[in-house]
Amino acid sequence: MKKHNYSAGPCILPQEVFEKSAEAILNFNNSNLSILEISHRSKDFVAVMDEARALVLELLGLEGKGYQALFLQGGASMEFLMVPYNLMNVDGKAAYLDTGTWASNAIKEAKLFGGTEIVASSKEANYNFIPKEYAIANDASYFHCTSNNTIFGTQMKSFPQTNVPLVCDMSSDIFSRTLDFSKFDLIYAGAQKNMGPAGTTLVVVKEAILGKSGRTIPSILDYEKHIKAESMFNTPAVFPVYASLLTLQWLKKLGGIAAIEKINEAKANLLYNEIDRNPLFKGAANKEDRSIMNATFLLENEAHQETFDKMCKDAGISGINGHRSVGGYRASMYNALPIESVQVLVAVMQELERNV
């Protein structure tokens, strides 16, 4: 039976990416070597890294605008540390918007480097909305936000105008919707949502903001060192970078971010319409802040949970259980999830309604 993979991450990837990755594990570029064993300094892999970095900037519309794309390691959690290390001025401060678990973790790391001002938070409402009214101090080294909150199912629909560098953790919605990415000075994202398998992290940074903190940065944590080495300062995550390149190629062939945005909106509308229509379910996040990537919802009557869980399992629906912080269910509808999978979930929800 086909599985409908709603896992929040590592997540579903396009079928052709699985197939090409599998081929490369056995024989990469007809070299009779596996992608898992080739040198990261080999001509074949350097070409992979160069194309992946260039394709990132192309898809985001940032070519020739002073940005560099890096493939690093350590996940978004490492970027919680690297961002303040590289951008927070000595004896300075940074501004943070607290919209969920990962934003909170980023704030915790930033406090190790200087003053950290939380401009707004939705913590008291269990992060079920995105704060809208807040001020960002002009003397902050940067403003940090999280565009999409996987656990709570909220997403920023707009971003503030600031007089300081704008930094965004886009781990769970990068490449999923059209934005003016030139508004951001630094974007980072773990690969394992919309871009590839776990193991590599994308950083897109405007070079002009670097080298101004006044602090000494360990080499492995210095963005400028990684830029100079073209993401080869240390051995990169060869296979995850290759799989990410395949996913970026798939996205470009599909029509880029504008094309996938229409598909993602159709999937989200289909599911949210059913959540709102079906009397057995209710959404967990504020409607105006609902994520098109991660739909969180609850049963009105938990007595139906065992029945609904079995129906989902029988239909081949996988990875739909909600995070313990919210409970209920979480349907992660990343780029590669086909709308047919959403149709199956909606059909199961409607069948539950008919049978109880």
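**Entry 1: cysteines**

I searched the whole structure for disulfides, taken as pairs of cysteine sulfur atoms within 2.5 Å, and the search returned 0. This is a predicted model, in which local features need pLDDT of at least 70 and side-chain atom pairs count only at pLDDT 80 or more, whereas totals for chains, interfaces and linings use all residues. I number residues from 1 along each chain as its sequence is written, and side-chain values use heavy atoms, with hydrogens and water left out.

I then looked up accessibility, where buried means under 20% relative accessible area, exposed over 50% and partly exposed in between, with a 1.4 Å probe and protein chains only. Cys11 counts as buried at 10%, and Cys312 counts as buried at 3%.

**Entry 2: the sheet of 7 strands**

For secondary structure I use DSSP runs numbered from the N terminus, with helices (H or I) of at least four residues and strands (E) of at least two; two strands pair if DSSP finds at least two bridges between them. I traced an open sheet of 7 strands with mixed pairing, in the order S2-S10-S9-S8-S5-S3-S4. At its edges stand S2 (67-72) and S4 (115-121), each with a single partner strand, so one side of each is left without a neighbour in the sheet. Within this sheet, S5 (residues 143-146) and S8 (residues 166-169) pair in the parallel sense over 4 bridges, and Phe143 has Leu166 as its bridge partner in S8.

Helix H2 (residues 43-60) lies across S2 and S10 (201-206), at about 130 degrees to S2. Helix H3 (residues 75-87) lies across S2, S3 (93-98), S8, S9 (186-190) and S10, at about 160 degrees to S9.

**Entry 3: Thr200**

Thr200 sits in the loop between S9 and S10, and I find it buried, with a relative accessible area of 1%. A polar atom of its side chain lies 3.1 Å from the backbone oxygen of Leu72. Beyond neighbours within four places in sequence, its contacts include Phe71, Leu72, Ala237 and Ser244.

**Entry 4: nonpolar cores**

I looked for nonpolar cores, meaning sets of buried Ala, Val, Leu, Ile, Met, Phe, Trp, Tyr and Cys residues joined through side-chain atoms within 4.5 Å. The largest has 54 residues, of which Phe45, Val56, Phe143, Phe175, Leu202 and Val204 touch the most other members. H2 gives the largest share of this core, 9 residues. Apart from it I find another core of 33 residues, Met293, Leu299, Ile317 and Val342 among them.

**Entry 5: the sheet of 3 strands**

I also followed an open antiparallel sheet of 3 strands, in the order S11-S12-S14. Its edge strands, S11 (281-283) and S14 (329-332), each pair on one side only, and the twist averages 35 degrees from one strand to the next. S11 and S12 (residues 294-299) pair over 3 bridges, with Lys282 standing opposite Leu298 in S12. Helix H7 (residues 256-277) lies across S11, S12 and S14, running at about 20 degrees to S12.

Terms used:
Contact = heavy atoms within 4.5 Å. Axes fitted to C-alpha atoms, helices over the stretch in contact; angles between N-to-C directions. Polar contact = N/O pair within 3.5 Å; in protein donor to acceptor, adjacent residues only side chain to side chain.
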